[in-house]
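Student: Hi! Could you walk me through this one?
Tutor: Happy to, let's have a look together.

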Amino acid sequence: MDKEIFDFFNTDLQFIHGVGPVLASKFNDVLGGRRVLDFLLHIPSYVRPREILDSVMNAQVGDTITISVMVKSHRKGGVFKGRRRPTQIICADKFAAPVTIQFFNVNYLDYWTEKLPIGQWRIISGKLDFSNRDGAIINHPEFIELPENAFKIPTHQAIYPSGEGLTQKTFSNVRDQIFKIIHERINADNTSANMMEFVDALEHVHFPETNDDLAPNGTFIMKLAYCELFAHQSAIAINRSIRKAQTNKRAVRAKKYDLVDKFYGLLPFRLTDAQQRTIDEIFADFNRPVPMMRLVQGDVGSGKTMVAMAAMVKMAESGAQSVLLAPTDTLAQQHFAKIKPMCDKLGLVCDVLTGRDKGAIRREKLISLKSGRTKIAIGTHALFSEDVIYKDLGLVVIDEQHRFGVAQRTAMRSKGDNPDMLALSATPIPRTLSMTVYGDMDISIINEKPAGRLPIKTTKLPVERVGALLGRIAPQIENGAKVFWVCPLVEESETTDMMAAQSRFEELNKYFHGTGLCHGQMDKKTRDKVMAEFADTNSKMRVLVSTTVIEVGIDVPSATIMVIENAERFGLAALHQLRGRVGRGSQQSYCILLYGNNISPDGLKRLDVLCETDDGFVIAEQDLMMRGVGELLGTKQSGWIQYHFVNYREHRDLFKLAQNASMNNNIAENNWAKQLRNIFDCSTIAGA
Ligand code: ADP
Ligand code: MG
């Protein structure tokens with residue numbers, strides 16, 4: 001059943017009439033895929049009414065307008081004195097205001113003369129542009145119709161989120177083609193009722209009549225969101241039942257805690273209650289014959305590394321090996337520098353393995369891993385290279401877990417015999433959602449900061465007052481404070497990012513000699529070197545200007561000031577993460593959020609939330625409530641699943657419904673659930 005429809009869903013868009021390979025690859029850029037299905041899952045963002053205007057005077061540049069015009073004259077395009085000129089059709093609206101229609105790359109004046117003869121009225125529709133020479137301009141109108149055929153121009157139009165080289169007209173053409181074929185297939189096929197309903201809902205949102213049809217609580221969006229959640233939740237349920245059926249012979253028996261106690265004795269501080277509770281939960285998992293799959297959620301600076309360390313020590317005591325997987329070289333080295341000395345005191349062999357290790361050194365490290373001598377290995381993805389063999393891998397710790405893909409987690413897990421997994425995340429997810437967002441994982445929450453930490457004082461400041469800010473931080477720098485200065489991030493272009501950071505760097509370097517600079521266009525080695533110099537307490541580098549490339553988990557306890565420029569462009573979660581790079585020592589830390597002139601009320605509200613609270617869970621909750629107000633930078637990094645139809649804020653009840661529906665025993669056999677899992681690619685479910 002439904003095979004015909006599925007085959008069509010998986011068809012490459014280039015085979016749709018009028019598309020071809022070039023357009024298909026443009027679609028690929030926008031849709032993140034080039035199948036018919038990818039198109040179907042990309043829905044319009046709003047509906048635009050098209051009323052026929054009498055005059056361009058009533059419209060704004062950039063608007064898509066529909067207007068009656070009379071053709072006045074023709075001007076042939078071509079190449080003149082080496083410059084390409086468009087073909088122009090000069091017209092006037094009902095109030096005699098000039099409107100010029102332009103066609104680029106077209107030399108066939110005849111064609112347009114025929115379509116737009118002088119002295120005749122036409123209804124045209126397109127995007128309004130303006131130039132000083134020609135006044136109002138419409139380039140390549142989407143519609144050109146005789147007045148009596150005005151009905152052919154849709155009175156409302158679904159507007160798709162688009163990208164380079166794709167017009168709304170292309171979107172609607174492709175959409176029309178796709179649904180035409182779907183209808184043919186449905187008629188020819190013994191399509192299931194579920195599929196009929198699903199396709200029907202899709203059709204309604206692709207042909208919306210009003211914006212209500214596209215609202216999160218609209219009937220059809222709700223229906224699709226439920227399908228999407230049901231797909232995900234059933235995948236999670238299946239993962240869970242598979243995992244619960246696995247065994248793990250390494251169950252660590254809780255006879256003695258000698259080594260772990262010794263480890264506690266080495267710590268220069270007392271573990272917080274939350275850290276201790278989390279460690280207890282992990283040890284309890286170790287005692288069960290089922291592989292552990294636990295996520296530790298704790299705000300930046302809550303001390304997750306030591307929790308992981310306790311787990312690795314306990315594992316070593318049982319004779320098995322552990323790995324600690326970090327997303328970058330720098331972080332891996334930093335963890336190693338902290339953990340190695342403790343391991344030495346505990347008599348455990350600890351090693352670091354990253355892409356930097358080559359030749360004989362690497363070979364030696366691999367032998368030590370294979371023999372089982374190395375008990376704790378810290379590193380990057382190099383830890384799961386094909387030729388790395390472990391004698392008895394018992395525990396995989398993944399730091400900053402959202403930075404790793406499912407494939408990488410699976411590769412790591414396959415290095416042992418159902419090893420226990422411990423994921424660390426600094427992205428608090430509101431409790432109501434954590435189960436469903438993170439999938440099949442047990443969760444420990446570290447909701448407490450180490451004693452003696454002062455809350456970071458956060459203020460917001462318009463960017464014009466940057467001079468006053470410099471005056472305020474200068475004496476602190478004099479007294480040894482270090483400053484992170486994060487520069488505006490411009491989504492479209494990495495080059496612009498670099499320039500913004502570059503010019504701020506040059507300015508700051510005049511005040512504070514030896515300022516560092518770090519951005520995405522520098523090679524990794526240089527970047528690492530700058531980071532290391534900044535982290536070194538004795539270095540002269542007091543200020544580090546950077547784009548957001550600075551590492552998430554980087555620990556520079558002497559950094560007490562964080563300045564974020566154009567803070568309004570970031571999402572709450574991203575700002576909170578950035579801020580978390582200060583306030584890691586016992587000194588008072590500060591975060592200054594600089595904002596630009598055109599900050600929106602929502603943007604201001606976000607900054608206020610940051611100024612008021614330092615609690616990651618409260619911020620996550622607020623983030624959820626404010627979500628949906630446009631794309632924010634840094635959301636991808638925050639570890640949230642990017643759904644097509646689901647809205648975190650509006651569909652909370654659906655999460656529960658879908659979860660309950662997925663709890664029945666034979667969900668793996670349910671055919672429709674299986675199909676939905678195919679439609680909403682569920683291979684990225686955490687724990688899968
Ligand atoms: P994160 O949870 O962000 O990974 P880290 O593990 O890097 O945090 O810990 C941040 C800092 O706090 C480190 O310098 C660490 O040594 C220190 N730390 C961890 N636990 C405690 C504690 N219980 N008391 C005081 N300091 C602690
Ligand atoms: Mg960390």
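Student: Which pocket does ligand 1 sit in?
Tutor: Ligand 1 sits in the second largest pocket of this predicted model. Sitting there means that more than half of its atoms lie within 2 Å of the pocket's grid points. A pocket is an open set of points on a 1 Å grid over the protein atoms alone, where a 1.4 Å probe fits, with protein on both sides within 12 Å along at least five of seven lines.

Student: And how many residues surround ligand 1?
Tutor: There are 17 residues around ligand 1 (a heavy atom within 4 Å), and the closest are Arg270, Gly301, Lys304, Thr305 and Arg453. The shell divides into four nonpolar, six polar (Gly among them) and seven charged residues (Asp, Glu, Lys and Arg).

Student: Which polar side-chain atom lies 2.6 Å from a ligand oxygen?
Tutor: One of Thr305 does. A side-chain N or O atom of Lys338 is 3.1 Å from an oxygen atom of ligand 1, and a backbone N or O atom of Ser302 lies 3.4 Å from one. Polar contacts here are pairs of N or O atoms within 3.5 Å.

Student: How much of ligand 1 does the protein bury?
Tutor: Ligand 1 taken alone exposes 560 Å², and the protein buries 87% of that (Shrake-Rupley method, 1.4 Å probe).

Definitions and conventions. Residues are numbered from 1 along each chain as its sequence is written. Chains are lettered from A and ligands numbered from 1 in the order in which they are written. This is a predicted model: local features need pLDDT of at least 70, side-chain atom pairs count only at pLDDT 80 or more; totals for chains, interfaces and linings use all residues. Side-chain values use heavy atoms; hydrogens and water are left out. A polar contact is a pair of N or O atoms within 3.5 Å; within protein, one must be able to donate a hydrogen and the other to accept it, and residues adjacent in sequence count only if both atoms are side-chain atoms. On a 1 Å grid over the protein atoms alone, a cavity is a set of points where a 1.4 Å probe fits but cannot get out, and a pocket is an open set with protein on both sides within 12 Å along at least five of seven lines; lining residues have an atom within 4 Å of a point.
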